[in-house]
Amino acid sequence: MMPGTRNFKPFSILALLAVLLIFSATFPVPASALTEVEVTPVNTPDGAVVLIVDGLSAPFIYPELTPHALDGTNLEKARLENIPEISKKSARVLELRAPQTFTEGGHSVLVTGNPDADSEFISFKDANIFDVLHDEGYLCIAVMEKGDSWSICAEQDAVLRDENNSVKNMKIVLEQNEHSGDYTVPSGLLQLMEEEAGKAPGYVTSKETRERYNGYNRWGIETACTVVEYMEKNRPGQKYLLTVNVGAVDMSGHYRGNYGYIDCIESLDSELLPLYTLCEKNNLAFVLTADHGMAFSADDSKGGHQSEKYSGSDEAQLVPLIIYAQDVESRIIRGEFRQEDFAPTLLGILDIPERPRFAKGEQILLTGHVNIKVTLPEKGTVELRKDGKILETAGNDDRFVFLGLESDKSYTIRAELDSGKSLEAKEKEVFLETDSVISFGEEGTGKEKSEYPSVESKEGISSAGVLGEENSLFGRKSSYLIGYLLIGIINLAGFFIIMKILKKG
């Protein structure tokens, strides 16, 4: 035996490794099972960029609308180049009305789909779009300027936010939050975001007010472009939502009057094309909207939106909604819609039928197809029929999504469990106007669920339940946690045993 070498007792080590493999097979790493079935082909985006322009009023940018001052005077509109061009390839909702005309309320409604939501509401379990997207394996990233919401920032995996909420004293900080899921924020992305944070003060150094305000928004847009470019190059398979809030338009309305307001809108418009082009190139949905609008008492006056004086005006309530994605038909959507419709509409664009737990808004169908999700209490088989004919059959799973169905049609879903246990109902018929979730429960368990959505109130229980079949008090199936715990214990024990064998050699 050579000096310094040890007798490794290879047979003992191999035997131990075999035991560990047997245990790993017995307690595999749990995966969130979901079978996707394309009934007809769909072009699901690989993610989305949602640009929230704080204080952007639709009457100031939509050609069909005319902004008025509270005294009845017609106000000048912003002269735009890029937003009209982007709109030609997008769906544009002509009337989207905000129920709360202040920043915290508007942001809260957007991400929860509930018209009465506030910041605390966002932090409730499964109450926002970020919770839904995390369950679908999405990474949630945000660039939040002045007017951000602490609860929205807390829902992000990584967020850049203006700690001082100030154009004059801009201080961007990077924050990370841990959320359940099988993904982590790439270290390279965190480094890049730190670098962008360090560049931020340089955008607002001008002595001219106009340049400081425009530079403030420019930093947000350019940082968003940098994030998209990084994800394209380094994480092409990772779906993600990038939420960008730019705050200078709102501040311009408050402090610079209606002329400074439209000037800031025009400057922002000139910065948008690179971000939109990146989304188009990388199969990302591009969404432009606002938390609330802005109203002015007279021409050449400072604006407002929250006080009773302003809040009832169309200028304060009407916000834009422009959505681009491959499957979205380019058109103007007429009719009356509300800001709480945003959350289900965004998820619909991403082909995700689930909704935030307390959502009351309705999906604006923009894709030309609908989807249906079917959940079972355990593994089984699901059969999808239309007009008595079988369209698709899928099995060996407990969650299924059927993509690319026709809207305004009736479908029949038949389900059976692999274990042979009985279901409360083996067959359900549903008329699909928008995306839907259908859940089957075991016979006699009382877990039968009605068609989604079914929300009673903020304190009520959605069709998924407070502690639904897929959730425990810890937000995941208890069996998953037990499995992970056992694997950790077994691997740790194996490590110490191997080390002990090596030392005795």
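**Group meeting: a first look at a predicted model**

Leaving out neighbours within four places in sequence, Ser119 is in contact with Glu104, Ser108, Ser149, Trp150 and Ser151. Ser119 is placed in helix 4, which covers residues 119-122. Is Ser119 buried or exposed? Ser119 has a relative accessible area of 4%, and because the limit for a buried residue is under 20%, Ser119 counts as buried.

Let me now turn to the chain as a whole. The protein chain has 505 residues, and 54% of them count as buried. Its secondary structure consists of 15 helices and 18 strands. The accessible surface amounts to about 22200 Å², and carbon and sulfur atoms account for 50% of that surface. As for how the chain meets itself, consider the contacts between residues at least 6 apart in sequence: 68% of these join residues at least 24 apart.

My next topic is the aromatic rings. How many aromatic pairs does the structure hold? The count is 8 aromatic pairs. One of them is formed by Phe60 and Phe296, whose ring centres are 5.9 Å apart and whose planes stand at 75°, so this pair is edge-to-face. Phe60 belongs to the loop between strand 2 (47-53) and helix 2 (82-88), while Phe296 belongs to strand 9 (residues 295-296); the pair therefore ties together parts that are 236 residues apart in sequence. Phe60 and Phe296 are both buried. Ring pairs also bring in Tyr261, and Phe60, Tyr261 and Phe296 are linked into a cluster.

Phe296 also leads us to Ser301. Ser301 touches Gly257, Asn258 and Phe296, when residues up to four places away in sequence are not counted. The location of Ser301 is the loop between strand 9 and strand 10 (303-304). With a relative accessible area of 15%, Ser301 is buried. How many residues separate Ser301 from Asn258 in sequence? They are 43 residues apart, and from C-alpha to C-alpha the distance in space is 6.3 Å.

Rings also take part in another arrangement, in which a charge sits over a ring. In one example, the charged end of Arg256 sits over the ring of Tyr213, at 5.4 Å from its centre. In another, Lys428 lies over the face of Phe440, and here the distance from the ring centre is 4.9 Å.

I come now to Val159, which has its place in strand 5 (residues 158-162). The relative accessible area of Val159 is 0%, and Val159 is buried. Which residues does Val159 touch, apart from those up to four places away in sequence? They are Ala142, Met144, Cys153, Val173, Leu174, Glu175 and Met193. Val159 and Thr243 are 84 residues apart in sequence, and their C-alpha atoms are 9.1 Å apart in space.

The largest cavity has a volume of about 40 Å³. Its lining is made up of Val50, Ile52, Leu110, Val111, Ile129, Thr243 and Phe342. Which elements give two or more residues to this lining? These elements are strand 2 and helix 3 (103-112).

Asp387 has a phi near 55°, which is a positive value in a residue other than glycine. Asp387 sits in the loop between strand 14 (370-386) and strand 15 (389-405). Its relative accessibility is 70%, and Asp387 counts as exposed. Asp408 likewise is not a glycine, and its phi is positive, at about 60°. Asp408 is located in the loop between strand 15 and strand 16 (409-417). Is Asp408 buried, exposed or partly exposed? At 46% relative accessibility, Asp408 counts as partly exposed.

Methods
Residues are numbered from 1 along each chain as its sequence is written. This is a predicted model: local features need pLDDT of at least 70, side-chain atom pairs count only at pLDDT 80 or more; totals for chains, interfaces and linings use all residues. Side-chain values use heavy atoms; hydrogens and water are left out. Rings of Phe, Tyr and Trp (its six-membered ring) pair if their centres lie within 6.5 Å; planes under 30 degrees apart count as stacked, over 60 as edge-to-face and the rest as tilted. Helices (H or I, at least four residues) and strands (E, at least two) are DSSP runs, numbered from the N terminus. Buried means under 20% relative accessible area, exposed over 50%, partly exposed in between (1.4 Å probe, protein chains only). A charge sits over a ring if NZ of Lys or CZ of Arg is within 6 Å of the ring centre and within 35 degrees of the ring normal. Contact means heavy atoms within 4.5 Å. Accessible areas come from the Shrake-Rupley method with a 1.4 Å probe; for residues, only the protein chains shown count as cover. On a 1 Å grid over the protein atoms alone, a cavity is a set of points where a 1.4 Å probe fits but cannot get out, and a pocket is an open set with protein on both sides within 12 Å along at least five of seven lines; lining residues have an atom within 4 Å of a point. Grid points are joined across faces, edges and corners, and a volume is the space filled by probe spheres set on the points.
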